[in-house]
Amino acid sequence: MVKKNNQSTSTVDFETLKSDDSSYVMHTYGRLPVCFVKGQGLKLWDEKGKEYLDFLSGIGVNGLGHCHPAIVEAITKQAATLIETSNLYYTEPQVRLAKKLAEISGFDKVFFCNSGTEANEAALKIARKAGKKTSPDKSGIIALNGAFHGRTFGSLSATAQGKYQDPFRPLLPGFTYVDPEDTTGLQLAVNKNTCAIIMEVIQGEGGIHPLSTEFLQLARSLADEFRAILIFDEVQCGFGRTGHWWAFEGAGVKPDVFTSAKALGGGFPIGACIARGDAADVFTPGDHASTYGGNPLGASASLAAIETIENEHLLDNAKEMGEYLRKKLQDVLGSCIKEIRGQGLMVGIELSKPIARGVLMSALEEGLIINAIGDSVIRMLPPFIVSKDDIDKAISILSEVII
Ligand code: PLP
């Protein structure tokens with residue numbers, strides 16, 4: 001299974017790199033023992049030239065695979081023209097991207113930033129400011145247990161998981177947490193002082209748990225009743241991953257504000273907070289800003305990603321390949337699987353035994369990149385260009401290491 005590609009061997013001395021990483025990079029990541037030096041499509045190569053099949057896409061970032069020619073061309077051209085000016089001035093790619101995002105979402109206005117957590121900060125600030133206009137006490141935010149919204153303090157305060165929150169308390173005041181699918185809990189939590197309800201349509205880091213349409217509809221109706229802003233975090237599940245541009249389209253429930261990042265830039269960092277109706281006009285000059293937000297380089301990469309997804313019909317491919325992947329997983333590995341969750345190319349495989357970490361390490365050894373969430377969930381987020389052949393190869397490696 002393990003292939004070599006001699007073109008990809010590099011001069012990196014991995015042992016020295018690991019030692020320098022340990023000395024000079026803050027220890028926030030439990031890294032896996034591999035150093036990638038090159039990527040193309042679904043393939044990655046390490047410094048020794050070993051080839052890997054990437055079914056994680058940089059945690060959902062490389063929707064078009066690695067170094068898609070359209071993204072490379074857009075970045076290269078833009079880098080040679082204009083990289084960044086700050087938001088004191090107009091730049092064309094940013095405005096074109098906002099217009100395009102409005103077109104593919106049916107929403108009205110966009111605030112640009114550089115990551116998922118910042119996109120959620122913007123959404124929470126819109127809700128707090130909108131709430132304050134009604135009453136000084138309208139500042140409560142409802143979030144879901146098991147959610148993941150990011151690591152900055154606002155997003156972290158919405159990320160109801162002790163392992164992320166506990167070392168950093170006190171968090172922001174005003175957050176209440178409800179279990180996913182707890183309809184009574186949600187009804188009891190939302191009141192006239194609620195300014196926002198925030199949730200992922202499909203919880204990603206929490207183990208790939210889609211919310212039911214009924215629960216999303218309840219959140220929508222409570223937000224309407226109490227004039228709160230409904231925020232959907234589409235950072236992981238959005239921008240084509242489910243086979244829809246946005247996961248909420250699949251669920252048929254529209255938020256007031258949603259956030260996007262990860263795949264939005266085709267591998268280049270960019271985030272967006274996208275709003276409709278009154279929520280789109282809450283911010284006024286000085287309320288919020290990002291020096292790099294919507295810079296020409298990121299905006300050009302994102303425009304190229306959207307155009308490629310449209311031209312290459314990748315939403316359809318994500319849907320079809322998602323179904324094929326699920327069927328194959330069930331056919332070949334059914335006896336080892338408790339449940340397959342998610343939608344399109346956002347796939348969580350709950351194994352019947354708590355061996356996810358071991359499976360991940362053995363798969364890596366065999367040249368397949370996947371991810372583990374907790375002890376028993378394998379996560380796959382392959383790029384939208386994935387083919388049946390890639391899926392067959394991935395399942396063949398998985399079956400070798402699982403069965
Ligand atoms: N929201 C969701 C649903 C995510 O999955 C993530 C990251 O995994 C974030 C927010 C934070 O994104 P970032 O790491 O770009 O800040």
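Trainee: How many bridges join β14 to strand β15?

Mentor: We are looking at a predicted model, and in it β14 and β15, the latter spanning residues 346–351, run antiparallel. The number of bridges that join β14 to β15 is six.

Trainee: Which strands stand at the edges of the sheet, each with a single partner strand?

Mentor: The sheet is open and is formed by four strands with antiparallel pairing, in the order β14-β15-β18-β17. A strand at the edge has a single partner, so one of its sides is left without a neighbour in the sheet. The strands in that position are β14 (337–343) and β17 (371–373).

Trainee: Which strands does helix α12 touch as it packs on the sheet?

Mentor: Helix α12 covers residues 314–333, and its direction makes about 175° with that of β14. The strands that α12 touches are β14, β15 and β18 (377–380).

Trainee: Is α13 oblique or perpendicular to α14?

Mentor: The axes of helix α13 (residues 356–365) and helix α14 (residues 388–402) come within 9 Å and cross at roughly 125°. Angles of 65 to 115 degrees count as roughly perpendicular, and an angle over 145 as roughly antiparallel. The crossing angle of roughly 125° therefore makes α13, relative to α14, oblique.

Trainee: How many nonpolar residues does the contact of α13 with α14 have?

Mentor: On the α13 side the contact is made by V359, S362 and A363, while α14 contributes I397, L398, V401 and I402. Sorted by class, the contact has one polar and no charged residues, and the number of nonpolar residues is six.

Conventions: Residues are numbered from 1 along each chain as its sequence is written. This is a predicted model: local features need pLDDT of at least 70, side-chain atom pairs count only at pLDDT 80 or more; totals for chains, interfaces and linings use all residues. Side-chain values use heavy atoms; hydrogens and water are left out. Two strands pair if DSSP finds at least two bridges between them. Helices (H or I, at least four residues) and strands (E, at least two) are DSSP runs, numbered from the N terminus. Contact means heavy atoms within 4.5 Å. Axes are lines fitted to C-alpha atoms, for helices over the stretch in contact, and angles run from 0 to 180 degrees between N-to-C directions. Angles under 35 degrees count as roughly parallel, over 145 as roughly antiparallel, 65 to 115 as roughly perpendicular and the rest as oblique. Ala, Val, Leu, Ile, Met, Phe, Trp, Tyr, Cys and Pro count as nonpolar, Asp, Glu, Lys and Arg as charged, and the others, Gly among them, as polar.
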